[in-house]
Amino acid sequence: MRDISLILMAAGDSTRFGRKVKKQWLRVGEKPLWEFAADRFYEFGKFDGSDGFAQVIIAAAPAETALIASLTDYTVISGGATRAESLANALCAVKTEFVLVSDAARALISRELVQRVIAHKGQADCVAPALASVDTLADRRGAVINRENTVRVQTPQLSRTAVLRSALAAKSGFSDESTLIAACNGSVLYVAGEDGAAKLTFGGELEALEPPSQTPLIGYGFDAHAFEAGKPCVLCGVKIDGADGFKAHSDGDAALHALIDAILGACGLGDIGQWFPDHDPHFKNADSAELLRTVISHINRFGFAVVSADITIMAEKPRLEPHKIAMRKEVARLLGVRCERVNIKATTTEKLGFVGRKEGAAVSAIAAVRYCND
Ligand code: MG
């Protein structure tokens, strides 16, 4: 098997999936689907005394490449705008004579299917699983197509790397390797496919997967800003009339900034500066509530949901007591959780430090999140 590499396609945008979570980030226990599929296929590659695939290459969405690379020891390649572009990028990393390509969404493929395809290695330029058509086939005008002449082509497909590379360079518009290679006059061998190898396209197959882990994930965030006279004061998304605001590139809502960092921390997704760089003019005077909403939709796409938040604001001024209920309600609304799941605390620092000298305020926050396939 040292002559076969595995490419796992995980760069799709899941537009037909109908859920907040992206398909490749569906949680199977603790693992995102791309990792579950990669591990599963890697194990399937070990048979007949073989030590498995020479390489496992994951083709990731460009915006997710760095994140996925930080989470796995498999090779991660940035995909392109189309499946063919992603595949061409991934092929650049392949050093073996043969390459097995599968979509991460076909995570439920059986060991037997993968091994059946591999067992036919070298018998054609491309070996692909396929099923006979059992339904009546017709064209759009109702004319019958002889189903004896048709197959439903599945993945994974095993191709000669050099043949696949030149076919991709020569032609476009094909949704799989076997039809592309055939169109370039390469040889194709179809072996028996399986009914259970459906793609996770509409979610109906999800019951077959282990549900998301219920392990609670906790993150911590901290932020501090100096006061700026004359700037509106916003904390926890609530405007405090008559108080000085905070010096900042954004609206200066240190409480929401600390909360965002706590949420990102719980999800292992870095920090607020990575997502909203303070040198980016796009975020000048940014509404921090809008930044929080953006973060929530990002974490939803990666398979996380916020459970609760606890925020401690350290300030000698303004007086926060009259605003705590409004803050709790606003943060709960922004997070989409019940008010009980949000707690706002206000404290002074007994006149110590920059907070004590009324130069600014500091905020710490803790957030809990859970895995979520909604
Ligand atoms: Mg800040």
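**Close-up views of a predicted model**

View 1. Along the chain, the donors of the magnesium ion are spaced as D-x1-H-x31-H. The model is predicted: local features need pLDDT of at least 70, side-chain atom pairs count only at pLDDT 80 or more, and totals for chains, interfaces and linings use all residues. Residues are numbered from 1 along each chain as its sequence is written, and side-chain values use heavy atoms, leaving out hydrogens and water. The protein donors (N, O and S atoms within 2.8 Å of the metal, or 3.2 Å for Na, K and Ca; water is not among the atoms, so sites may look incomplete) are Asp223 (OD), His225 (NE2) and His257 (ND1), 2.1 to 2.3 Å from the ion. Asp223 counts as buried because its relative accessibility is 16%; buried means under 20% relative accessible area and exposed over 50%, with partly exposed in between (1.4 Å probe, protein chains only). His225, at 15%, is likewise buried.

**View 2. Largest nonpolar core.** A nonpolar core is a set of buried Ala, Val, Leu, Ile, Met, Phe, Trp, Tyr and Cys residues joined through side-chain atoms within 4.5 Å. Among the 91 residues of the largest one, Leu259, Ile263, Ile311, Ile313 and Leu335 touch the most other members. Helix α7 (residues 254-267) contributes the largest share, 11 residues; helices (H or I, at least four residues) and strands (E, at least two) are DSSP runs numbered from the N terminus.

**View 3. Helix α5.** Thr161, Leu164, Ala167 and Leu168 are buried in α5 (residues 161-170). The face turned away from this buried side carries exposed Ala162, Ala169 and Ala170.
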